[in-house]
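Subject: Structure for your files

Hello,

Here is the structure I said I would send. My notes follow below it.

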Number of protein chains: 2
Amino acid sequence: MHINGQYFQTIWADWHQSELMIIDQKKLPFQINIKKLKSFNDSFQAIANMEVRGAPLIGVTAAYGLWLALNEFHNDSDFRDDFLLACKTMKKARPTAVNLAFGVDKVCDAVNGVEDIARARELAFQCAELLKSEEIACSEAIGEFGCELIEQIWIEKGRKTVNILTHCNAGWLACIDWGTALAPVYKAHLKGIPVHVWVDETRPRNQGSKLTAFELHHEGINHTVIVDNAGGHLMQHGMVDMVIVGSDRTTRSGDVCNKIGTYLKALAAFDNKIPFYVALPTSSIDLTIKNGAEEIPIETRHDAEVRYAEGENGKTLLVPEYSPVVNHGFDVTPARLVTSLITERGICPASEDGILSLFAVKH
Amino acid sequence: MHINGQYFQTIWADWHQSELMIIDQKKLPFQINIKKLKSFNDSFQAIANMEVRGAPLIGVTAAYGLWLALNEFHNDSDFRDDFLLACKTMKKARPTAVNLAFGVDKVCDAVNGVEDIARARELAFQCAELLKSEEIACSEAIGEFGCELIEQIWIEKGRKTVNILTHCNAGWLACIDWGTALAPVYKAHLKGIPVHVWVDETRPRNQGSKLTAFELHHEGINHTVIVDNAGGHLMQHGMVDMVIVGSDRTTRSGDVCNKIGTYLKALAAFDNKIPFYVALPTSSIDLTIKNGAEEIPIETRHDAEVRYAEGENGKTLLVPEYSPVVNHGFDVTPARLVTSLITERGICPASEDGILSLFAVKH
């Protein structure tokens, strides 16, 4: 997508210079800083320090990071032990793991059995590039399917602006391009459908006000930032036509684990008969579990995220040290509150039958 | 209640010095600053600048402010025009008005027809003191009734700690003493019932993390501050036994207008079969309206509250200027989601019959 009118992806590599470029997302939206990663350690740190974030982007960064590792090994004949160690290390860069491990394993498999380091470098690079392309195609397909839903609402409401509420950031900054929850919004905008997005600020890390609003601004899409408390009131007053959120993990039965607070918006949408959609790549569906609230462990993150607010003028203390704080990163929205899932394979009900029907068709 | 072990009310007057003392709530919790108000204008500014806030406290401050006005008039024979002008001016100190106008009218009535300014001063002072005492008694009665509900849950769960979630600040700082939503918590604590309070930070002004947490800390009550997004997750996991919130205005049918975000917590409580109580003085029930969501106008407040976070280290910008922001101050929780109302006249269902039954009994 675009920043100041210029086309960007969240990550790109230069084969000849052995360099990886990322947008340093810790500095957004207040500074737009392109950072060069020149070594395995640079890429590891970029993931660990959250200069890149979002499951698909982490996976692709890890894959390129292993290519950078291969570029650093000088002993041609004996690189494979070092390489396996790099793979193992990279998997520890963030605790969430699923896409990170996926990206690492892809490159590891591609290089497996190759004895010539020059060839291994080529294969690792090609593998990372392919993974990146697949992520883009996946996001774009989600966008196309989701756009049909927006268009339908637009027609139903007499071609008036469609008001969409979203929570957290599930846009192109979390992926490579397009995004998940925001991909349908971008597609609708390109098609000339008038949209307006209500952006939940998404405490404690404010990915909504910092990243989603940034993305929408630079695509020229109408939007308004609200506190996380506001969505229910807007829905009661007919100011929201649909909700689209992303997902970190979805169970076989359609329960959706996503950023803390998603469940509250799903309840409000249900209470006001507003469709609640979840946009996700099918790779994030965990077919091994059924009951999300019972089976998905919820990460407890650092107190400081709640205790402080961090903005352009630095950090400011909100909660004095005498008060304990707890910081759960995610919650689970039961399938019964989800209207449909929007995936790269199509749209389906948030149910076991719905999800299995996606996988029944060959792609 | 207490600050650093010392007993405090939010406001107190010294007849002999013609002074009014308040806790400057804009500085809390980072500075505990007792401010002297020596003139009508001082008291007007304290209300307008939100150094005092909370409907009952505003009403009492306004009443004392008129006593300070009388102390300033030197022309004994001709004070009544000046006094009526002061009354009119005071009503404009804040837009919300109901309790503010109530306090002003009380003093105005008390002084009505009195020609001796010395006597008028005595009557105005006595009126303000009575209003203050009535507010304290009202809060304490709410506390006693609400405590019974906490005790019942405590017994039902085998005398284990009762976990109570609250939103915003409806504690003694919003009143004179005790509070509304927090009064039952204080009474339970005094009775030896173990309680733990989940404190919603309550963006955008963070009255939860700044005022509610401060109050609970100084009363020695276990509490944990959470982001507004977290309550639903806690309820799903059995970590909340009951919700108690305050109310700015409640309709004849039991719809509750309160701080933005209250409705989302009510939905989550209902979905998880957790009792949701609203603690309020019956003076805040508006018998003239029935449908809260349709009939109660919702104040839109200044953008800056959402755009910035304000803490001990000053303000920090969260939402860049290119993004529009909207800041609705309140929302309406439909009566169907409210388990009961806790008032100074007793506990009743959130329904027209329930509310009218409170007024049928003489007190």
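Which residues have the most contacts inside the largest nonpolar core? They are A:F83 and B:F83, in a core of 238 residues. Please keep in mind that this is a predicted model. As general background, nonpolar side chains in soluble globular proteins tend to be buried together.

Leaving aside residues up to four places away in sequence, B:F83 touches B:L66, B:L70, B:F73, B:V107, B:C108 and B:V111.

A:T250 counts as buried because its relative accessibility is 0%, and the cut-off for buried is under 20%. The side chain of A:T250 makes a polar contact with the side chain of A:S247, at 2.8 Å. Beyond four places in sequence, A:T250 also touches several residues, including A:D255, A:L280, A:D286 and A:I355.

There are two cavities of 30 Å³ or more:

- The largest cavity has a volume of about 50 Å³. Among the residues lining it are A:R205, A:K259, A:R301 and A:E305. By class, its lining has two nonpolar, three polar and four charged residues.
- The second largest cavity holds about 40 Å³ of space. Its lining consists of B:P56, B:E135, B:C138, B:S139, B:I142, B:C175, B:T180 and B:P281. Five of these are nonpolar, two polar and one charged. Helix 5 (residues 117-156) of chain B gives the largest share of this lining, four residues.

Regards

Methods: Residues numbered from 1 in each chain as written. Chains lettered and ligands numbered in written order. Predicted model: local features only at pLDDT ≥ 70, side-chain atom pairs only at ≥ 80, totals over all residues. Heavy atoms only, no water. Core = buried A, V, L, I, M, F, W, Y, C linked by side-chain atoms within 4.5 Å. Buried < 20%, exposed > 50% of the residue type's maximum accessible area, 1.4 Å probe, protein only. Contact = heavy atoms within 4.5 Å. Polar contact = N/O pair within 3.5 Å; in protein donor to acceptor, adjacent residues only side chain to side chain. 1 Å grid on protein atoms, 1.4 Å probe; cavity = no way out; pocket = protein on both sides within 12 Å on 5 of 7 lines; lining within 4 Å. Points joined across faces, edges and corners; volume = space filled by probe spheres on them. Nonpolar A, V, L, I, M, F, W, Y, C, P; charged D, E, K, R; others polar. Helix = DSSP H or I, 4+ residues; strand = E, 2+ residues; numbered from the N terminus.
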